[in-house]
Amino acid sequence: MLTNLHVKNLALIEEADINFENGLNIITGETGAGKSIVLGSVNIALGGKASSDIIRKGCDYALTELIFHVEDEDKLNALREFDIEDLEDKDVIISRKIMPNRSQIKVNGVTTTASQVRQIASLLIDIHGQHDNQLLLKESTHLDIIDLFGEDKIMPVKRKLKSEYLKYLEIKRQLQEMDIDEEEKRRRISFLEYEINEITGAELTDGEDDELEARFRRMNNSQKILSDISSASRMLSQGEENAQNFVGIAERCVANAAVYDETLSDVADTLSSVADLISEAVRVISDYADKCEYDEADYKYVTDRLDLINSFKLKYAKTIPGILDYCSTKQVELDEILRFDEKTNALKNTLDESCKILEKLCCELSDLRKEAAKDFCASVSNSLSELNFLNTEFDALFEKTDRYSANGFDEMHFMISMNVGEDLKPLAKVASGGELSRIMLAIKTCIAGKDKTDTLIFDEIDAGISGKTAQKVAEKLSQISRNCQVICITHLIQIAAMADSHFVIEKNVVDDSTVTTISDINNQDIIKELARLLGGSTITDTSLQNAKEMKNLAQEYKDNLQ
């Protein structure tokens, strides 16, 4: 529930704290005192629109802060999904600081967005104002109300329906993608076959391009290679002055010296190894020179093969493995097209089966809704009679659409007859603004606790009513407050007398500045405020007595509700 509202530098409010309680919290005050600021400050904290004009004159910023206490574990788990920190004490603190050029919203000290705060708020509070009455005129919301009322039976079926509907959409998407004409299909088959045959006909092997490029480099530089290895051969073994002869002489000289000094034996062995290495190098160079010659046909094969592979790299992929993967992918696509009719028929059969499942689930959902609507309309009719709607009929008219959706195939709107003998007509065409307020209150009574909202705020619920009807509305608000916290802004004594907690908003001039204050009242102050609502600015003994009597009668009614 909402335990505290703190407001600072907002419009006419310097600073105010309201500690709300369980049950029915009533806010009253003179017209123009600033009752709307209370509701406005709550809306601002919860991500509503706010401009810098709301900052109190002479101040740098405005601040509004809400503290909610949450006991329900399921709701706490839902809040944790928003990454809200510090929920150990089960408090959620939402604050918004408004500055001239920007505003900042925090949840438990962590900055967040207005959009996310609105989602969090939907779990914690339901603010009902004149705008919400107008929602009843939108027939698209009527079905949601029935689903909420009968959610225990309805929601499991809706979840199954949503899952099946997503499958249905995926099947339709696949069919639409396959919806190509025969000429396009033939062109695609021809193109795929050409690409596949071209790649497979080339008989590419991984690494072939590297090997061919190495051969091409050798062939293209063969004259330079032969020249270089011929020079090396001459220096190593040809003529009298060559490396092989010099090393041989050196080896013999060191061997002779080693006869007199054995420490030179290792050097002699090393020179012997060098002589062997030179001999091996000479042999390899000679063999290479013998094999280095090639014919024009071999050169043409290498260049043509490289040209082919490089053209494939430009068309299909940058590597031979990539080209082969491309070919495999196109082979799969070709196989699918060749099996087009088979696959299309299979998908159509699957779609037919999905439609049958959807039809069954939609029918099941519709039956559950009609069953819930029957109980709901009876409950609303009973609540309306308690709200001084006499001889009123309330019903729900269902129509079946010709399409499936995740919400079934139902369209539904509420019907009402205000007088005996009158036909039922759509709610939007019959009810006035004041009547809509009471109808919405009756609906809220019927779904109280279903939407799992701990706090309800009513603004202008008393618009256009008085007398006996006002008393009925007061009693209904008191009933709702037994199940959840209710905060109501009112100017009617009948509603105010039902308060479990009563707050008064006053506007005064302090030091040449207008200031709005909010304070909780009790005992005699409550009686005086009720007398003011009853008799205006002049409070007489009679009005005080009447106020006291109304408070006592309200208390008796609440005691009987226990």
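Residues are numbered from 1 along each chain as its sequence is written, and side-chain values use heavy atoms, with hydrogens and water left out. Because the model is predicted, local features need pLDDT of at least 70 and side-chain atom pairs count only at pLDDT 80 or more, whereas totals for chains, interfaces and linings use all residues.

A search of the whole structure finds 0 disulfides, a disulfide being a pair of cysteine sulfur atoms within 2.5 Å. For Cys 355 the closest cysteine sulfur is that of Cys 362, at 10.0 Å, which is too far for a bond. The sulfur of Cys 363 also has its closest cysteine sulfur in Cys 362, at 7.1 Å, and this too is too far for a bond. Cys 363 is partly exposed, with a relative accessible area of 30%, on a scale where buried means under 20% relative accessible area, exposed over 50%, and partly exposed in between (1.4 Å probe, protein chains only).

Helix H2 spans residues 73-80, and its buried residues are Lys 75, Leu 76 and Leu 79; helices (H or I, at least four residues) and strands (E, at least two) are DSSP runs, numbered from the N terminus. These three residues lie on the same side of H2, because they cover an arc of only 100 degrees around the axis, the arc being that of the directions from the helix axis to the C-beta atoms. What covers them includes strand E5 (91-98) and helix H3 (114-124).

Side chains of opposite charge can pair when their charged atoms come close. The whole structure holds 25 salt bridges, each defined as a side-chain nitrogen of Lys or Arg within 4 Å of a carboxyl oxygen of Asp or Glu. One of them joins Asp 410 and Arg 369, at 3.3 Å from N to O. Asp 410 lies in strand E10 (residues 410-417) and Arg 369 in helix H14, so this pair ties together parts that are 41 residues apart in sequence. Both Asp 410 and Arg 369 are buried.

Another salt bridge is formed by Glu 386 and Lys 476, whose closest N and O atoms are 2.2 Å apart. Since Glu 386 lies in helix H14 and Lys 476 in helix H17 (residues 467-480), the pair ties together parts that are 90 residues apart in sequence. Glu 386 is partly exposed, with a relative accessible area of 28%, whereas Lys 476 is buried, at 1%. Salt bridges that share partners also join Asp 147, Lys 158, Arg 369 and Asp 410 into one network.

Key:
Contact means heavy atoms within 4.5 Å.
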